[in-house]
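Colleague: Can you walk me through the pockets, the ligand and the cavities in this one?

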Amino acid sequence: MIKNFINGQWVASTATDKVDIVNPANREILDHTPLGNSADVDAAVQSAQAAYPAWRQTPVIDRVQPLFRLKTLMEAAADDLARQITLEHGKTLAEAMGSVRRGIQMVETACGMPTMMMGDILEDIAPGIDSQSVRRPMGVFAAIAPFNFPAMVPMWFWPFGIAAGNTFVVKPSERVPLTQMRIFELMQQAGLPDGVLNMVHGGKETVDSLCTHPDIKGISFVGSTPVAKHVYVTSATAGKRVQSLGGAKNYMVVMPDAVMDKAADTALESIIGCAGERCMAGSVIISVGEDSKREIAERITARARAIRIGDGQLPNTDMGPVISQESKDRIKGMIQRALDEGAELLVDGRDGVDELPGYFLKPTVLGNITPEMEIAREEVFGPVVMLAETPSLDAAIEWVNSSPYGNTTTLFTTSGAAARHFCYEVEPAMLGVNIGVPAPMAFFSFGGSKQSFFGDIRAHGKASVDFYTQSVVTIHRWIKDSSIW
Ligand code: NAD
């Protein structure tokens, strides 16, 4: 059974309930995650609370030194980290390495905290009176992560939180905790003081204990929309800051003037990369006009048939398994209901996969998708391409905006005017033009709109300084009361 990390030590959870950590490529049980309770959470929060006063007083240039060292240690361990991600999550080694790199970029960006958290000053707001505002850390923060990016998503948060002077508790996904544990070991090796960064394992009970713990100032959450909403409401009711990132339904629009080969490659990679288990994954490809639909359909079906599935550790694998049998059954159920609602089966990814050792699906391509179908509205989180057609760009924009989700959307075109109109009118908050996965980099901020994001302040980049600090304004008036000068 894996252990919690509290005050610089790996300690056993007091919980006895547990879940298996499974390699989804072959169903091998790698270890067990304890389903922690409020006692575990309290121990982690007490450790973070005790470490806070000294950490807050540590100059920011000293606080970022362990992060500089972590960057070097992560670079050296990048292959091992990628292998660990593939083992517990299933994505290919190349995909895993991409996410390790993104994690390292979070550390690099957080190392800029001495500049990022500078305040403002203005002399003479009134005669002889000056005013300054500083950004001050607040105490203990917590981050709660989903299964789909074991290294990267927790690192959207804690490097920024601790660099800003807070102490931290991380709860990784109970399904994929091993990679983040390895990164914590590297962070300890890098010389972070005990108690600054802590980890608790578990599921709902652990999450609810974090959201209601009186000594936690704020919660960063990433996961599905129903849980994101629950975390947002529970934490806000307990008086905390919350940034809660939820699920998605990401439409990709193809104009007749798009470079079709490139659009098809990019859209397919967006949809089936990481077996579709990305919040930024494309889903429905809405082609404007019949010709573009035909051109995209021909290319996508041919390319989808050529995708080689298998263990992500193997060099010839294009796509790994999905995370669990439950997930595979859910995706198959969505495909079947789409067919019952009138979708056309162009490529059947359910063919010949049940004999394989892991939770495999091949890419499925469905045609004749219409807006009212369940599969056109709800997140699939699996390798399913949906093809649809609208008569105009404005009709496509209307479809995009009718979704309750608002994570990302992309337009494929060679027209600047069309791109400008699209970006101006669509409601999602992370947009792409000829880009399949327009995920903001570490130095920009990440977060969607509508049911994809609950809160006001987004993840990483400059926004993280707003989230992890309190702005304090001081007004000074110094009265000359001596004759020394
Ligand atoms: P999930 O909501 O099942 O789990 C996320 C976290 O919440 C886990 O740590 C889990 O232990 C906890 N949790 C699960 N059920 C809970 C409950 N009832 N009460 C309290 N806590 C609970 O999500 P997942 O399946 O791990 O991840 C996939 C989802 O995450 C997808 O919907 C995906 O779109 C979303 N996601 C969103 C983003 C984003 O940036 N918006 C990024 C990555 C993933």
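Modeller: Start with the second largest pocket. Domain 1 (4–246 + 452–474) and domain 2 (250–433) both contribute residues to its lining, so the second largest pocket lies between them. The domain bounds come from an automatic or database domain assignment.

Colleague: What kind of model is this, and how are residues numbered?

Modeller: This is a predicted model: local features need pLDDT of at least 70, side-chain atom pairs count only at pLDDT 80 or more, and totals for chains, interfaces and linings use all residues. Residues are numbered from 1 along each chain as its sequence is written, and side-chain values use heavy atoms, with hydrogens and water left out.

Colleague: What counts as a pocket or a cavity?

Modeller: Both come from a 1 Å grid over the protein atoms alone. A cavity is a set of points where a 1.4 Å probe fits but cannot get out. A pocket is an open set with protein on both sides within 12 Å along at least five of seven lines. Lining residues have an atom within 4 Å of a point.

Colleague: What is the volume of the second largest pocket, and which residues lie nearest its centre?

Modeller: Its volume is about 320 Å³. Volume here is the space filled by probe spheres set on the points, with grid points joined across faces, edges and corners. The lining has 17 residues, and R102, F149, M152, R278 and V437 lie nearest the centre. Helix α5 (residues 93–110) gives the largest share, 5 residues.

Colleague: How does that lining divide by class?

Modeller: The second largest pocket has 11 nonpolar, 3 polar and 3 charged residues in its lining. Ala, Val, Leu, Ile, Met, Phe, Trp, Tyr, Cys and Pro count as nonpolar, Asp, Glu, Lys and Arg as charged, and the others, Gly among them, as polar.

Colleague: And the largest pocket, what is its volume?

Modeller: About 940 Å³. It has 41 lining residues, with F147, R175, G223, S224 and V227 closest to its centre. α10 (204–212), β10 (216–222), α11 (225–237) and α14 (325–340) are the elements that give two or more residues to that lining. Of the elements, α11 gives the most, 4 residues.

Colleague: Where does the largest pocket lie?

Modeller: Between domain 1 (4–246 + 452–474) and domain 2 (250–433), because both give residues to its lining.

Colleague: Which polar side-chain atom lies 3.0 Å from a ligand oxygen?

Modeller: One from K171. In the side chain of E379, an N or O atom is 2.6 Å from an oxygen atom of the ligand. A backbone N or O atom of A145 is 2.7 Å from a ligand oxygen.

Colleague: How much of the ligand does the protein cover?

Modeller: The protein covers 88% of the 840 Å² of accessible area that the ligand has on its own. Areas come from the Shrake-Rupley method with a 1.4 Å probe.

Colleague: Last topic. How many cavities of 30 Å³ or more are there?

Modeller: The search of the whole structure finds 2. The largest cavity has a volume of about 110 Å³. Its lining has 17 residues, with A281, G282, S283, V380 and F381 nearest the centre.

Colleague: What about the second largest cavity?

Modeller: About 70 Å³. Its lining residues include F5, G8, F184 and M187. Helix α9 (residues 178–189) gives the most to that lining, 3 residues.

Conventions:
Polar contact = N/O pair within 3.5 Å; in protein donor to acceptor, adjacent residues only side chain to side chain.
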